[in-house]
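This report covers helix packing and salt bridges. The sequence and the model are shown first, and the text follows.

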Amino acid sequence: ELIKTFDSINFALERMSDSFIVASDSIVFLRRITTAYGADLVTTTNRYIKFLAAAKQSNITLRDTQRIFESVTKASGVLGLKTDELRGIYLALEQMLSKGKVTTEELRRQLG
């Protein structure tokens, strides 16, 4: 089951990335931040793929996408958030990115 999960994740990550090299770099990035901040690798990678898709739609660079994603992951680690709470934060950010604009009210409602 775990092998199937990671095969599926790798496939999705390769499709979302512009090249195999970018996908490989993303895997290294995700392993680094999950280890550093104590996040679950599978959950974080799945959310990253969706976050990456939303960021691409909003014309955010890969570097900025990774900075934002890492900052949120780091903050959740510092705050000791559970996996479900972190998943909700990622989902809120994905929805905001998909809309193309962020308002203060939406930040409060989504991330509150």
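Axes here are lines fitted to C-alpha atoms, for helices over the stretch in contact, and angles run from 0 to 180 degrees between N-to-C directions. Helices are DSSP runs (H or I, at least four residues), numbered from the N terminus. The model is predicted: local features need pLDDT of at least 70, side-chain atom pairs count only at pLDDT 80 or more, and totals for chains, interfaces and linings use all residues. Residues are numbered from 1 along each chain as its sequence is written, and side-chain values use heavy atoms, with hydrogens and water left out.

**Helix packing**

The axes of helix H1 (residues 2-16) and H2 come within 8 Å, with a crossing angle of roughly 125°. That makes H1 oblique to H2; angles under 35 degrees count as roughly parallel, over 145 as roughly antiparallel, 65 to 115 as roughly perpendicular and the rest as oblique. H1 passes H2 in a right-handed crossing. A crossing is right-handed if the near helix is turned clockwise from the far one by less than a right angle, and left-handed if anticlockwise. On the H1 side, Asn10, Leu13 and Glu14 meet Phe20, Ala23, Ser26, Ile27 and Leu30 of H2, where contact means heavy atoms within 4.5 Å. By class, the residues of this contact divide into 5 nonpolar, 2 polar and 1 charged. In this scheme Ala, Val, Leu, Ile, Met, Phe, Trp, Tyr, Cys and Pro count as nonpolar, Asp, Glu, Lys and Arg as charged, and the others, Gly among them, as polar.

Helix H2 (residues 20-37) also packs on helix H3 (residues 41-57), at an angle of about 135° and with the axes 10 Å apart. H2 is therefore oblique to H3. The crossing of H2 past H3 is right-handed. From H2, the contact uses Ser26, Phe29, Leu30, Arg31, Ile33 and Thr34, and from H3, Leu41, Thr44, Thr45 and Tyr48. These residues divide into 5 nonpolar, 4 polar and 1 charged.

Helix H4 (residues 62-79) and helix H5 (residues 83-99) cross at roughly 150°, and their axes come within 11 Å. This angle makes H4 roughly antiparallel to H5. Their crossing is right-handed. H4 contributes Phe69, Val72, Thr73 and Ser76 to the contact, and H5 contributes Leu86, Ile89, Tyr90 and Leu93. The contact of H4 with H5 has 6 nonpolar, 2 polar and no charged residues.

**Salt bridges**

The whole structure contains 4 salt bridges, a salt bridge being a side-chain nitrogen of Lys or Arg within 4 Å of a carboxyl oxygen of Asp or Glu.

| Pair | N to O distance |
|---|---|
| Arg47 and Glu94 | 2.6 Å |
| Asp64 and Arg67 | 3.4 Å |
| Arg87 and Asp84 | 2.7 Å |

Arg47 is buried, with a relative accessible area of 12%; buried means under 20% relative accessible area, exposed over 50%, and partly exposed in between (1.4 Å probe, protein chains only). Glu94 is buried as well, at 7%.

The surroundings of this pair can be listed, not counting residues up to four places away in sequence. On that basis Arg47 touches Phe69, Arg87, Tyr90, Leu91 and Glu94. Glu94 touches Arg47, Lys50, Phe51 and Ala54. Of these, Phe51 is 43 residues from Glu94 in sequence, yet the two are 5.2 Å apart in space, C-alpha to C-alpha.

Asp64 and Arg67 are 3 residues apart in helix H4, so they are separated by about one helical turn. Asp64 is partly exposed, with a relative accessible area of 34%, and Arg67 is partly exposed at 49%.

Arg87 and Asp84 both lie in helix H5, where a spacing of 3 residues puts them about one turn of the helix apart. Arg87 counts as partly exposed, at 33% relative accessibility, whereas Asp84, at 55%, counts as exposed.

Note on methods:
Helix = DSSP H or I, 4+ residues; strand = E, 2+ residues; numbered from the N terminus.
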